[in-house]
Amino acid sequence: MANAAVHAVDDEVEAPAKRDFLKILTVSAGAVALGATAWPFINALNPTAAELAVSNPIIDVGAIAPNTAMRIVWLGQPIYIRKLTPQQIADNEYIVPDTLPDPASYTDRVKPGYESFVVVVGLNTGISCELLGNSPTDPRGPFDGWSCPCDGSVYDPLGRVRGGPARKNLAIPRFTFLSDTQIQFG
Ligand code: FES
């Protein structure tokens, strides 16, 4: 009789424990199944390699000659990558920022360690036209940078506005130097 009572107490203790274990097992299995079902949909949201290549392009800038600029299109905008000459660096390095319409120092406009490269969005900040000046034979204006002959806005080789109706410097896109000859955008 007493043994039967002990077994009954053991069963009462064991049964909920078994139930809990089965509950946890069922819930875990359900979660795994749900995850396995949902993952392909979640993974489809990840950008493909091709999409990443478009949104974060890597550009070889090794062939850009001093005093010229390469033009690419990134996210629908013209991007100018210009290589400065030593003279252009010397002419612009010590300009007092506060004397400019949109104050910016030399170091504000270039990446540390890559001071001979300037990377800007090539759109006039006044009337949003595409500026001229990538080639040394283009009309660059009095500061040897970029210009809009139509509205008279002129920029220096660092893309700082120096005259005309435009009041803002050329925008600088998000980019990183991967090496001396490679830039990644985004
Ligand atoms: S409108 Fe800017 S170059 Fe003509």
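This is a predicted model: local features need pLDDT of at least 70, side-chain atom pairs count only at pLDDT 80 or more; totals for chains, interfaces and linings use all residues.
View 1. Residues are numbered from 1 along each chain as its sequence is written, and side-chain values use heavy atoms, leaving out hydrogens and water. Phe 21 sits in helix α1, residues 2-44. Helices (H or I, at least four residues) and strands (E, at least two) are DSSP runs, numbered from the N terminus. Together with Leu 22 and Leu 25, Phe 21 makes up a nonpolar surface patch of about 310 Å² accessible area. To join a patch, residues need over 30% relative accessible area and no salt bridge; like charges are joined within 9 Å, and nonpolar side chains (Val, Leu, Ile, Met, Phe, Trp, Tyr) within 5 Å. A salt bridge, by the way, is a side-chain nitrogen of Lys or Arg within 4 Å of a carboxyl oxygen of Asp or Glu. Accessible areas come from the Shrake-Rupley method with a 1.4 Å probe, and for residues only the protein chains shown count as cover.

**View 2. Strand β4 is tucked away.** All 5 of the 5 residues of β4 (residues 117-121) are buried, so this strand is largely enclosed by the rest of the structure. In a regular strand, side chains alternate between the two faces of the sheet. In β4, Phe 117, Val 119 and Val 121 point one way, and Val 118 and Val 120 point the other. Strand β3 (residues 77-83) runs antiparallel to β4, joined by 5 bridges; two strands pair if DSSP finds at least two bridges between them. Look for Ile 81, which stands opposite Val 119 in β4.

**View 3. Here is the open sheet β1-β9-β8.** These 3 strands pair in the antiparallel sense. At the edges stand β1 (58-60) and β8 (175-179), each with a single partner strand, so one side of each has no neighbour in the sheet. From one strand to the next, the twist averages 30° (axes are lines fitted to C-alpha atoms, for helices over the stretch in contact, and angles run from 0 to 180 degrees between N-to-C directions). Between β1 and β9 (residues 182-185) there are 3 bridges, and Ile 58 faces Gln 184 in β9.

**View 4. Another open sheet runs β5-β6-β7.** This sheet has 3 strands, with antiparallel pairing. Its edges are β5 (146-147) and β7 (161-163), which each have a single partner strand, so one side of each lacks a neighbour in the sheet. Strand β6 (residues 154-155) pairs with β7 over 2 bridges, and Val 154 is opposite Gly 163 in β7.

**View 5. Two loop residues have a positive phi.** Asn 67 isn't a glycine, yet its phi is about 75°; look for it in the loop between β1 and β2 (69-74). Asp 144 is in the loop between β4 and β5. Its phi is near 60°, again a positive value in a residue other than glycine. At 32% relative accessibility, Asp 144 counts as partly exposed.

Terms used
Buried means under 20% relative accessible area, exposed over 50%, partly exposed in between (1.4 Å probe, protein chains only).
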